[in-house]
Amino acid sequence: IDPRTDVSITSDGNLLFDKAVKDNVETVWHRHEAQQPQCGFCDMGLSCRICIMGPCRVDPFGQGPQTGVCGADADIIVARNLCRMIAAGAASHSDHGRDLVEVLEAVSKGEAPGYKIRSEEKLRRVAREYGIQTEGKDVLTVAGELADAMMEDYGMRRKSVTLVNRAPEKRRKVWEKAGITPRGIDRETSEMMHRTHMGVDNDWVSLLTQGLRNALSDGWGGSMIATEVSDILFGVPAPKPTMVNAGVLKKGQVNIVVHGHNPVVSEMVSKACISEEMLALAKAKGAAGINLVGVCCTGNELLMRRGIAMAGNHLMTELILSTGAVDMMIVDYQCIMPSIGKAAACYHTKMISTSDKARFPGMEHHEFHPDNAEEKAKTLVKAAIENFGNRKQVYIPVAPQEAVGGFSIETILGALGGTPAPLIDAIKAGKIRGAVGVVGCNNPKIKHDYGHVTLIKKLIENDILVVDTGCVSVASAKAGFKVPSAIEMAGPGLKEICGALGIPPVLHLGSCVDNVRILVLVSALADALGVDISDLPVAGSAPEWYSEKAVTIGVYCVASGITTHLGPMPPVTGSMNVVKLLTEGLNDVVGATFGVEPDPEKAAVFLIRVIEKKRKALGLDS
Ligand code: NFS
Ligand code: SF4
């Protein structure tokens with residue numbers, strides 16, 4: 001593609017893209033271009049390769065075949081494909097949660113040197129929610145019992161996953177009535193895969209109903225466990241200043257980038273980076289220090305708890321390497337493009353994979369387990385220091401942007417004096433019209449960060465409080481929305497409230513599993529008002545989503561009563577029945593729907609309308 005093309009709305013994105021082109025580094029944009037035109041059948045969800053009587057496809061124009069070899073029609077094929085995306089997303093978050101539960105168990109047995117319980121208060125609080133008697137028990141016993149109880153949530157011993165009890169009673173009744181209360185975390189994913197096997201569930205409504213239950217098993221199960229156990233092991237986040245964009249890389253220091261999702265790895269690396277021994281070694285090698293930064297969600301985990309800087313989001317990962325300033329990139333799993341080993345090979349950068357379940361071309365594999373992670377992290381940091389001297393030219397084209405992150409629900413409620421009442425008052429008074437969770441990824445189908453930044457700008461101008469997570473949170477921080485002075489970009493009401501609290505109008509809630517913090521917050525708001533989540537003037541949005549995980553998040557948000565906007569169209573347009581169910585029919589079942597709109601300006605109008613309608617129904621502006 002034309003090297004002068006604007007691929008990003010950020011200057012580091014564009015300048016580093018030019019640098020990558022100059023260095024002959026192939027990027028996600030080049031590969032996206034090479035794939036054009038992409039398959040129209042797949043785009044509409046009308047192709048099926050579930051069994052090998054196929055692959056099959058249904059002709060959307062009604063002339064060619066209208067069923068696959070087995071007889072599945074467009075509705076069945078589209079629904080099955082979407083349901084398998086939900087299952088894959090739920091599996092990814094929930095398996096990440098499982099890895100944390102295993103660390104919690106290992107800590108309780110004294111088999112995870114370097115890890116510890118950082119929030120005993122949260123450990124005991126969550127344990128009580130699991131019905132564990134905590135009084136008089138020492139912390140490690142409680143940790144062991146909680147790990148055990150969480151493991152049961154993954155299986156089939158319980159009627160429902162435990163943390164659904166956090167949802168307002170009205171919401172739980174909705175789920176019961178629809179038959180979508182999630183039972184076991186693994187159970188729902190497994191059943192989803194079973195139902196979508198050839199010759200099992202061939203009713204698109206019934207399939208999608210299980211899709212809702214499967215997504216709920218992630219939102220109120222696996223993802224929620226991932227966030228809660230991360231807080232227990234690494235600390236409950238509190239607001240901290242940080243820096244974002246490619247400018248956080250430092251010329252004179254050893255730069256280590258962590259990429260992926262699981263704080264089990266990145267926390268140990270961050271610990272090793274601040275040890276005296278490593279600092280001394282770095283200095284002996286001529287570096288002024290060790291600079292640890294993040295990309296993607298494991299970076300968000302570190303930013304939330306330690307204020308560690310973020311070099312970029314999903315589409316920046318190859319570009320960050322093209323600075324030539326990265327001495328080592330350490331990855332675990334999810335959203336790590338298999339291309340980055342090749343990109344790094346153009347520079348001196350050492351690439352390290354760490355998970356037994358995720359290997360990549362062009363990377364050295366150093367497996368982290370709870371018992372060896374502390375040692376492994378030190379070995380890797382040493383190797384990164386050794387690599388510092390091998391740098392050639394370094395190009396860091398921008399200065400970093402300041403931001404504040406670390407808004408856990410505990411701190412938000414704490415800042416409000418322990419109850420959501422002041423927030424509710426501001427909403428009732430109309431100073432804050434409502435809130436939108438803007439979440440999700442980047443996708444080369446949309447100009448990098450354009451969807452996020454444009455949408456958020458419109459929302460805050462209209463007095464809508466924004467909370468964000470995942471790759472959005474980096475885009476909005478880079479755009480300057482996350483400093484207290486950003487209230488100048490907000491409408492008068494939002495400006496007044498955020499100004500009084502000393503917070504920015506866009507609050508960083510964390511990684512993608514941390515979307516569950518939004519569920520906890522809206523539950524608290526609904527309970528305080530005595531209404532259901534679907535009655536609240538809130539909405540969700542994923543303006544640039546790409547991943548299966550994002551599908552699952554969207555579905556659990558809607559199933560939880562939060563109407564959700566998607567930028568890119570999911571592969572469902574081959575079935576008008578499925579489209580109608582997602583955009584209209586679900587309203588009767590769960591009180592929320594999906595809306596699709598690639599243009600963020602129009603999406604803002606859609607979201608504002610949703611919020612104003614809810615306000616009216618609650619009688620807030622009468
Ligand atoms: Ni979420 Fe985080 Fe980013 Fe998308 Fe990937 S890093 S888990 S999936 S791309 S927001
Ligand atoms: Fe074709 Fe049916 Fe097999 Fe799918 S499940 S590939 S539609 S025969």
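The residues around ligand 2 are Cys48, Ile50, Cys51, Met53, Gly54, Cys56, Gly68, Val69, Cys70, Arg80 and Met198.

## Confidence of the model

The structure described here is a predicted model. The protein chain has a mean pLDDT of 97, and 99% of its residues reach 70 or more. The scores for the model are ipTM 0.96 and pTM 0.97.

## The nickel atom of ligand 1

The nickel atom of ligand 1 has 4 donor atoms, and the angles among them run from 90 to 162 degrees. The site is classed as irregular.

## Aromatic pairs

Across the whole structure, 3 aromatic pairs are found. One of them joins Phe17 and Trp29 in an edge-to-face arrangement, at 5.7 Å centre to centre and with 85 degrees between the planes. Because Phe17 lies in helix α1 (residues 11-22) and Trp29 in helix α2 (residues 28-34), the pair ties together parts that are 12 residues apart in sequence. Phe17 is buried, at 0% relative accessibility, and Trp29 is also buried, at 7%.

Another pair consists of Trp175 and Trp220: the ring centres are 5.5 Å apart and the planes stand at 65 degrees, so this pair is edge-to-face. It links distant parts of the chain, with Trp175 in helix α7 (residues 169-178) and Trp220 in helix α9 (residues 204-234), 45 residues apart. Trp175 counts as buried at 0% relative accessibility, and Trp220 is buried with a relative accessible area of 1%.

Technical notes: Residues numbered from 1 in each chain as written. Chains lettered and ligands numbered in written order. Predicted model: local features only at pLDDT ≥ 70, side-chain atom pairs only at ≥ 80, totals over all residues. Heavy atoms only, no water. pLDDT = per-residue confidence, 0-100. Near = heavy atom within 4 Å. Donors = N, O, S within 2.8 Å, 3.2 Å for Na, K, Ca; no water. Tetrahedral: all angles 85-135°; square planar, octahedral: opposite > 155°, others 65-115°. Phe/Tyr/Trp six-rings, centres within 6.5 Å; stacked < 30°, edge-to-face > 60°. Helix = DSSP H or I, 4+ residues; strand = E, 2+ residues; numbered from the N terminus. Buried < 20%, exposed > 50% of the residue type's maximum accessible area, 1.4 Å probe, protein only.
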